[in-house]
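Here are my notes after a pass through this one. Have a look at the model first, then see whether you read it the way I do.

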Amino acid sequence: VDHRNYFSLLADKQLQRVIQDLFIAGTETITTTMRWCSLFMVLHPDVQEKVYKEIEAVLGDRPPSTKV
């Protein structure tokens, strides 16, 4: 396959499926990581306390935000 024409060969539907697969894979990875972290903190209350204190130190009284 000529690499210069590779993307021109992808139909819109194929490209949509690839993007959807990447999104789903990323979502699944994040979900698995969050589950592992939650379980770890349940099993290790000392770690949970450290995480809580760090969140409190960074956020204080303000709610979480994506703005810097």
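1. This is a predicted model, and its protein chain has three helices and zero strands. Reading from the N terminus, the elements go α-α-α.

2. On burial, the numbers are plain: of the 68 residues in the protein chain, 0% are buried. The accessible surface of the chain is about 6,800 Å², and carbon and sulfur atoms account for 63% of that surface.

3. How many aromatic pairs are there? The count is one. That pair is tryptophan 36 with phenylalanine 40, stacked at 5.2 Å centre to centre with 20 degrees between the planes. Both residues sit in helix H2, four residues apart, or about one turn of the helix. Residues three or four places apart in an α-helix point the same way, because the helix has 3.6 residues a turn.

4. Leucine 43 belongs to helix H2, which covers residues 12-43. With 57% relative accessibility, leucine 43 counts as exposed.

5. Helix H3 runs over residues 45-59, 15 residues in total. From first C-alpha to last, H3 reaches 21 Å, close to the 21 Å expected at 1.5 Å a residue. After H3 comes glycine 60, with a positive phi near 65 degrees.

How values were computed. Residues are numbered from 1 along each chain as its sequence is written. This is a predicted model: local features need pLDDT of at least 70, side-chain atom pairs count only at pLDDT 80 or more; totals for chains, interfaces and linings use all residues. Side-chain values use heavy atoms; hydrogens and water are left out. Helices (H or I, at least four residues) and strands (E, at least two) are DSSP runs, numbered from the N terminus. Buried means under 20% relative accessible area, exposed over 50%, partly exposed in between (1.4 Å probe, protein chains only). The expected span of a helix is 1.5 Å times one less than its number of residues. Accessible areas come from the Shrake-Rupley method with a 1.4 Å probe; for residues, only the protein chains shown count as cover. Rings of Phe, Tyr and Trp (its six-membered ring) pair if their centres lie within 6.5 Å; planes under 30 degrees apart count as stacked, over 60 as edge-to-face and the rest as tilted.
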